[in-house]
Amino acid sequence: MASPSAPFANRFAPYDDRTQPAMRVEGYRETLVRVPARAPYTRPATLSDITGPLNLAQKLDAGVSDLSRTPSGERAQGQLVRVCGQLLDEDGVPVRGSIIEVWQANAAGRYLHKMDAKSPFPVDPNFSGAGRCVTDAQGRYEYLTIKPGAYPVPSHPERWWRPPHIHLSVFGEGFMSRLVTQMFFPGDPLNAQDRILNSVPDPAGRERMIAQPVPMLELPRADVLGFRHDIVVRGHRATPMGL
Amino acid sequence: MGTKHADVKLVPTPSCTVGPFFPAHYFGATDNDLTVASAVPGAQRAAGSKVYIGGCVYEAGRVPRWNGIVELWQPDAGGRFNHPNDPQHGLADRNFMGWGRRATEDDGYYDFITVRPGGYEDPLTGATRAPHINVSVMSSGLMRRLVTVFFFPDELANAGDPVFNAVPDPAVRERMILKPAKLDRAPADATAYRLDIVLQGEDETPFFVD
């Protein structure tokens, strides 16, 4: 049936499961008790799936895009890292004005979080490990931080180590483009053993979670390691959001 | 940018678990009160009938899933979204954002204050959507979010709702319907409902393909 809504029909195609993580992950025992036993039901997409909050910045405070220093300027321990990239939809159209939340362990592999209170590693008083940025008119974002340390997954008898990674929470255009993911660093030997990174069956999918090094001469300053990490959220749109 | 994008086909970045370390201070004081559209004190309240929803999230064996995250997304009291994909977005309540977020407590408890959403004629399916709230659950151990929908009791439109009917078993469908309840933390001027979210096991909540 021809209707004004016809262009919406394929805007949010289902994910290709090969490019997304398995829900049950061997050796990651929490998945076994939290993943539903029954396969999910399919439903038609309706308006509440292809819409989402556009003005979240009204509610969520701006946060910081420089995690490497305290508000009063004290520098965190660790290797300075600048991460930049673009937030895009499946057509390569920039997603502008979207909030990206960032959180990570400190250089020693310790989170400033009550769940990490038993960590054997020290807190860095100058590192909160949490930031927020908003994508600009070209969908670009960037933040400055320190390279997170690796750490053993708490209370895991198999001594599974998480490689250095940065958590990302992205809102995108709408309910169906909501994405929570993790960014990994290229060439880290722990990447090959990480149960979370390797829960994505498709090697190309895993590559999409690994940042690309930025040549030193392209960086605005000499004291940082640079990485580029584009993030693609689900969705096809005719025009960039906000027009 | 005036460039053509039509021939570009990118694959979405894989989802990953939110893990156990989502920063506690990311949960703002009014993030679970959808009647407040802005963190700015003195902001206007959303129009509509106030609703309080509370319940617990459980994993297998009815173990509370604490330190999880519940997010909501819903239309305003008139059934409209303040988003350009809604043909009626110009009529949406500017004082209602429709989004909320909440960490689950030690006993798995979550709660939200919101307005009762309006139903709407859905331009994608041609069907009538009953009043409903889209719900996302995130947690360590969940590599992808879980998505379910809350419906309201005694709502005639439920019977024709295409998402409600996507769950064929009426007994399972019932697990998406909010239950009137007396809840200690409900504001006096709100209609209170309870609904537990069971990730796995007996009375498992129906979840949808995301």
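Modeller: From the N terminus on, chain B runs β-β-β-β-β-β-β-β-β-α-β-β-β. That comes to 1 helix and 12 strands, and bear in mind that this is a predicted model. As for overall dimensions, the C-alpha trace of chain B spans about 55 × 45 × 40 Å along its principal axes. A compact globule of 210 residues would have a radius of gyration near 17 Å, and chain B has 18 Å, so the two agree. Inside chain B, 52% of the 210 residues count as buried. Take the contacts in chain B with a separation of 6 or more: 70% of them come from residues 24 or more positions apart.

Now for the partner. The contact takes 71 residues from chain A and 71 residues from chain B. On the chain A side, helix H1 (30-34), strand E2 (99-104), strand E8 (179-184) and strand E11 (231-232) each supply at least two residues. By class, that side of chain A has 38 nonpolar, 20 polar and 13 charged residues.

Two of those strands, E2 and E8, also turn up in an open sheet of 4 strands in chain A, with the order E3-E2-E7-E8 and antiparallel pairing. Strand E3 (130-134) and E8 of chain A stand at the edges with a single partner strand each, so one side of each has no neighbour in the sheet. From one strand to the next, the twist averages 25°. Further in, E2(A) and strand E7 (residues 165-170) pair in the antiparallel sense over 5 bridges, and A:Val102 stands opposite A:Leu168 in E7(A).

One residue of chain A to zoom in on is A:Arg206, which is placed in helix H2 (residues 203-207). A:Arg206 counts as buried because it has 20 C-beta neighbours inside 10 Å. Leaving out residues up to four places away in sequence, A:Arg206 touches A:Leu197, A:Asn198 and A:Val200. Its C-alpha atom is separated by 10.0 Å from that of A:Met183, 23 residues apart along the chain.

Notes: Residues are numbered from 1 along each chain as its sequence is written. Chains are lettered from A and ligands numbered from 1 in the order in which they are written. This is a predicted model: local features need pLDDT of at least 70, side-chain atom pairs count only at pLDDT 80 or more; totals for chains, interfaces and linings use all residues. A residue is buried if 20 or more other C-beta atoms lie within 10 Å of its own, exposed if 12 or fewer, and partly exposed in between; C-beta atoms are placed from the backbone. Two residues are in contact if their C-beta atoms, placed from the backbone, lie within 7 Å. Ala, Val, Leu, Ile, Met, Phe, Trp, Tyr, Cys and Pro count as nonpolar, Asp, Glu, Lys and Arg as charged, and the others, Gly among them, as polar. Two strands pair if DSSP finds at least two bridges between them. Axes are lines fitted to C-alpha atoms, for helices over the stretch in contact, and angles run from 0 to 180 degrees between N-to-C directions. The radius of gyration is taken over C-alpha atoms; the globule rule is 2.2 Å times the number of residues to the power 0.38.
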